[in-house]
Amino acid sequence: MNARAAHILTALCGLAGTALLVVYFLAAPPLPSASASMAEVVGVATKYHNTWFLGAWIQATGSALSVVFFMALVHLAGGAGKLAGTLTLLGSSVLLAVTLIEGAFTIDLAQAAVNGRDVTALTSYDQMSVFIHIFPMAPAPLIYLPLGVALLGSRLLPRVFGWLAIALAVAFVIAGFAGLFTTPILTLIPLALQILWVPATAVTLAVSRGWPPASAA
């Protein structure tokens, strides 16, 4: 595969992964409150059974495509055999693990509700609702910090994308820590910035041939 094709395929993975995750968050059924009773949780899980099954698949697929995007970026930036590449691989592995575990609890919640296992459904709901704290604590910083370093050390993209990736890592650390003691809604801020960073990076990668351009160099 030539470099141009690799750039385009990598960009498509980033765009498709982000699109699926946006659909997942926008189309997700309303969640019961943290203090909801067992009957309320079971009622919602039963009503949106198929929707939550589909949502688990969309989230897992979107995360997998995003991981391919992150790892391909590191590879194209020449960081695959360096510490940056190893840490990005570690963060990506943790991200997939977290996503799949959350998806397993989501599926178990919906399935247990329709099968009359109310206690199991409530337990799975309590478990899946804490994962918003997990993503900014480890996976996100472990991905964006070394990824930003790898981009800064290459001519793959303008340096601003590397610095923005590092800033995203810092934002996730701050939001993740503060969210433990205030509200997990703080995580939505770096998540929104991530949704902007990935498509911008993907589009720039697809249309560029290295930075600075060969003529400027």
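Author: Start with the order of elements. From the N terminus on, they run α-α-α-α-α-α-α-α-α. This is a predicted model, in which local features need pLDDT of at least 70 and side-chain atom pairs count only at pLDDT 80 or more, while totals for chains, interfaces and linings use all residues. Residues are numbered from 1 along each chain as its sequence is written, and side-chain values use heavy atoms, with hydrogens and water left out.

Reader: How many helices and how many strands are there in the protein?

Author: Helices (H or I, at least four residues) and strands (E, at least two) are DSSP runs, numbered from the N terminus. Here the protein has nine helices and zero strands.

Reader: How do I read the radius of gyration of the protein?

Author: The radius is taken over C-alpha atoms, and the globule rule is 2.2 Å times the number of residues to the power 0.38. For 217 residues the rule gives 17 Å; the protein has 19 Å, which is close, so it is as compact as a globular protein of that length. Along its principal axes, the C-alpha trace spans about 65 × 35 × 25 Å.

Reader: What percentage of the residues count as buried?

Author: Buried means under 20% relative accessible area, exposed over 50%, and partly exposed in between (1.4 Å probe, protein chains only). Of the 217 residues, 44% count as buried.

Reader: Where do the nonpolar residues gather into a core?

Author: A nonpolar core is a set of buried Ala, Val, Leu, Ile, Met, Phe, Trp, Tyr and Cys residues joined through side-chain atoms within 4.5 Å. The largest one here holds 30 residues. Phe 69, Phe 70, Leu 73, Tyr 144 and Trp 197 touch the most other members. Two or more residues come from each of α1 (3-27), α3 (49-76), α4 (83-114), α7 (139-152), α8 (159-181) and α9 (188-207). A second, separate core has 13 residues, including Val 42, Val 44, Leu 109 and Tyr 125.

Reader: Which residues does Phe 69 touch?

Author: Contact means heavy atoms within 4.5 Å. Leave out residues up to four places away in sequence, and Phe 69 touches Thr 10, Ala 11, Cys 13, Gly 14, Trp 197, Val 198, Thr 201 and Ala 202. For the protein, take contacts between residues at least 6 apart in sequence: 76% of them join residues at least 24 apart.

Reader: Is Leu 168 buried or exposed?

Author: Leu 168 lies in helix α8. Its relative accessibility is 5%, so Leu 168 counts as buried. Beyond four places in sequence, Leu 168 touches Tyr 144, Pro 190, Leu 193, Gln 194 and Trp 197. Leu 168 and Trp 197 are 29 residues apart along the chain, yet their C-alpha atoms are separated by 8.9 Å.

Reader: Which residues is Gln 194 in contact with?

Author: Gln 194 sits in helix α9. At a relative accessible area of 12%, Gln 194 is buried. With neighbours within four places in sequence set aside, Gln 194 is in contact with Phe 135, Tyr 144, Leu 168, Phe 172 and Pro 199. The C-alpha atoms of Gln 194 and Phe 172 are separated by 9.8 Å.

Reader: Why does Ile 174 count as exposed?

Author: Ile 174 is in helix α8. Its relative accessibility is 54%, so Ile 174 counts as exposed.

Reader: Where is His 49, and what does it touch?

Author: His 49 is in helix α3. With a relative accessible area of 15%, His 49 is buried. Not counting residues up to four places away in sequence, His 49 touches Ala 110, Gln 111 and Val 114.
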